[in-house]
Amino acid sequence: MTEPIDSQYDETPLPEPEMVDEDGDGVGDPSDDNGKDLSHLVPETEVAWDVPPSFNNDPQDMSGGGGDEPPPEEIPEPSGDLRADLGALRTAEKAMLVEARALVDKYEETRALVAAVKGTVFGQGATDAYERGGDNSNSMSYDPQEGKSVANPFAATGEAFAAEMNPAMERALLKVGSTIEKLGEYIALLNHSGQIYAEADRKSRFPAPPGKA
């Protein structure tokens, strides 16, 4: 019989989280986010560009500075040869926009699902139909609970689990949404770079001939 092959990869790459038990009751203490509604932190995402702006547009200032810093010193020496393949840059930018739209669609689908079901998905507030107990001979007697619902025995456990899991899910959405936003910023910087190269090309001209002495 062939011996099992040990995987070169760690089956548990992440360390187990340390349990915080300050009161010493053997049960992990609630997290700092326990029971919090963090939905206000979850970003909504969208792809703003159907078509990326033309490289022929003048580049806008993307520094975001307050304007108090002194302007950089001008370099008197001419620069060396400069070559930029704007066609390849545009192709890469469009490919990233396609991927960004797919990411936004999946993220928004997940964000909407979490918002829609987080109040019940873990069994919070679950109920069962009331069932008459006792001797069958009394089955015809009046029971005021008949037709009503009673709390499911696991509802309280669901509430406790949701108090930890819901804010954890919202923090996960925050991280994913923020990553998508960073991707959008990167695509915008790529487009900005193309506009800068194009502007440099437009302004690369021979100086006017010197005047006659």
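These legends go with close-up views of a predicted model.

View 1. A pair of aromatic rings is described by the distance of the centres and the angle of the planes. Here the ring centres of Phe 122 and Phe 161 lie 5.0 Å apart. Their planes meet at 80 degrees, so this pair is edge-to-face; the cut-off for that label is an angle over 60 degrees.

**View 2. The partners Phe 122 and Phe 161 come from distant parts of the chain.** Phe 122 belongs to the loop between helix H1 (86-117) and strand E1 (127-129). Phe 161 belongs to helix H2 (residues 155-202), and the two are 39 residues apart.

**View 3. Arg 90 places a charge over a ring.** Look for the charged end of Arg 90, which sits over the ring of Phe 55 at 3.9 Å from the ring centre.

**View 4. Six residues make up the largest nonpolar core.** You can find Val 42, Val 104, Tyr 107, Val 114, Leu 173 and Ile 180 here. Which elements give two or more residues to this core? They are H1 and H2, and H1 gives the most, with three residues. In soluble globular proteins, nonpolar side chains tend to be buried together.

**View 5. Now meet the contacts of Tyr 107, one of the core residues.**

Terms used. Residues are numbered from 1 along each chain as its sequence is written. This is a predicted model: local features need pLDDT of at least 70, side-chain atom pairs count only at pLDDT 80 or more; totals for chains, interfaces and linings use all residues. Side-chain values use heavy atoms; hydrogens and water are left out. Rings of Phe, Tyr and Trp (its six-membered ring) pair if their centres lie within 6.5 Å; planes under 30 degrees apart count as stacked, over 60 as edge-to-face and the rest as tilted. Helices (H or I, at least four residues) and strands (E, at least two) are DSSP runs, numbered from the N terminus. A charge sits over a ring if NZ of Lys or CZ of Arg is within 6 Å of the ring centre and within 35 degrees of the ring normal. A nonpolar core is a set of buried Ala, Val, Leu, Ile, Met, Phe, Trp, Tyr and Cys residues joined through side-chain atoms within 4.5 Å. Buried means under 20% relative accessible area, exposed over 50%, partly exposed in between (1.4 Å probe, protein chains only). Contact means heavy atoms within 4.5 Å. Lists of a residue's contacts leave out its neighbours within four places in sequence.
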